[in-house]
Amino acid sequence: MKHTTLTRTRRPAPLLALALGLALTCLAPALPAAAAEPAAVAGTTTLSGYDTAVLADDPAVYWTMSGAGSGAEADLGSAGVDGAYTGSPTATTLPNGDVAVDFDGATQYFEAPDADALSPATAGVITIEAWMRPDVLQFPNDEGSGYVHWMGKGEAGQHEYVSRMYSLDNTETRPNRISGYSFNTSGGLGAGSYFQDAIEPGQWIHYVLVINANAKSTAYPNGYTKVYRDGVLRDQDDLSIRGQVIVPERGSAPFRAGTRDFGSWFDGAIGKIAVWDSELTAAQIAAHTAAMDD
């Protein structure tokens, strides 16, 4: 497994920052000792091969979800939306050995503030990618009918989107369904896509949700949602539900993982959350899945 080290400052794009860092390294011997490292440097981040693959596709937001021990999570994407942890979740490891965050399913969560880069209304399209690992199949702190919101952006009157997982037993007969929904800000019914497979506790899943209100067609007159599992497109649906059209609008709710609005709690691990203001291609998504094995 290959790793590189990124020196982090706020920057316009991750690949440009890497190139700039190399240039500064080459010039350092000619500079006075006091100027060898810019005062703005906040620290260094070791990048794995997986991180490099994701950053090559220029995400607006990229949280490696490796900062639980410090309580803070730096955004390595271009938007600079840093987040923080509440409740001291513990560290765990992804299949490639990288660090991820394990939430207790009761009190622990990650939060980042509302930002343009986190709203599908900004560009009309958003791609949200993460690795998720349920540690139980029956969630004790659910929404009432048997599902939990493990990632999303939405609160009362400020709804945008959510990633959901059902318990094995639930009142809607959706055993361990994993889905993603887009909402009008008023809430109510959401338009979404899902996959419903036999899930093993402790099993890592690569999850991607696409919301695209721009790509209208005969098949999808209002745009669509898509959901991928492990690099494979599993479902695609129109941005409407029972005759109600979903039109993404900017809300003020923060982005959270481990919960969405404290109405339910995810017992399991989450790693490598990335957000784009465009739709990733199927080939890009498949490449990210494959990069976890490199």
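Thr173 counts as exposed because its relative accessibility is 66%, and exposed means over 50%. In this predicted model, Thr173 sits in the loop that runs between strand S11 (161-166) and strand S12 (178-182). Its backbone is worth a look too: Thr173 has a positive phi of about 55 degrees, although it is not a glycine.

Phe262 also has a positive phi, here about 70 degrees, and it is not a glycine either. You will find Phe262 in the loop between strand S19 (255-257) and strand S20 (267-276). With a relative accessible area of 38%, Phe262 is partly exposed.

Now, is Ser193 buried or exposed? Ser193 counts as buried because its relative accessibility is 1%, and buried means under 20%. Ser193 belongs to strand S13 (residues 191-195). Which side chains make polar contacts with the side chain of Ser193? The table lists two of them.

| Side chain | Polar contact partner (side chain) | Distance |
|---|---|---|
| Ser193 | Thr225 | 2.7 Å |
| Ser193 | Asp237 | 2.7 Å |

Leaving aside residues up to four places away in sequence, Ser193 touches Ile178, Ser179 and Gly180, then Thr225, Lys226 and Val227, and finally Asp235, Gln236 and Asp237.

Terms used. Residues numbered from 1 in each chain as written. Predicted model: local features only at pLDDT ≥ 70, side-chain atom pairs only at ≥ 80, totals over all residues. Heavy atoms only, no water. Helix = DSSP H or I, 4+ residues; strand = E, 2+ residues; numbered from the N terminus. Buried < 20%, exposed > 50% of the residue type's maximum accessible area, 1.4 Å probe, protein only. Polar contact = N/O pair within 3.5 Å; in protein donor to acceptor, adjacent residues only side chain to side chain. Contact = heavy atoms within 4.5 Å.
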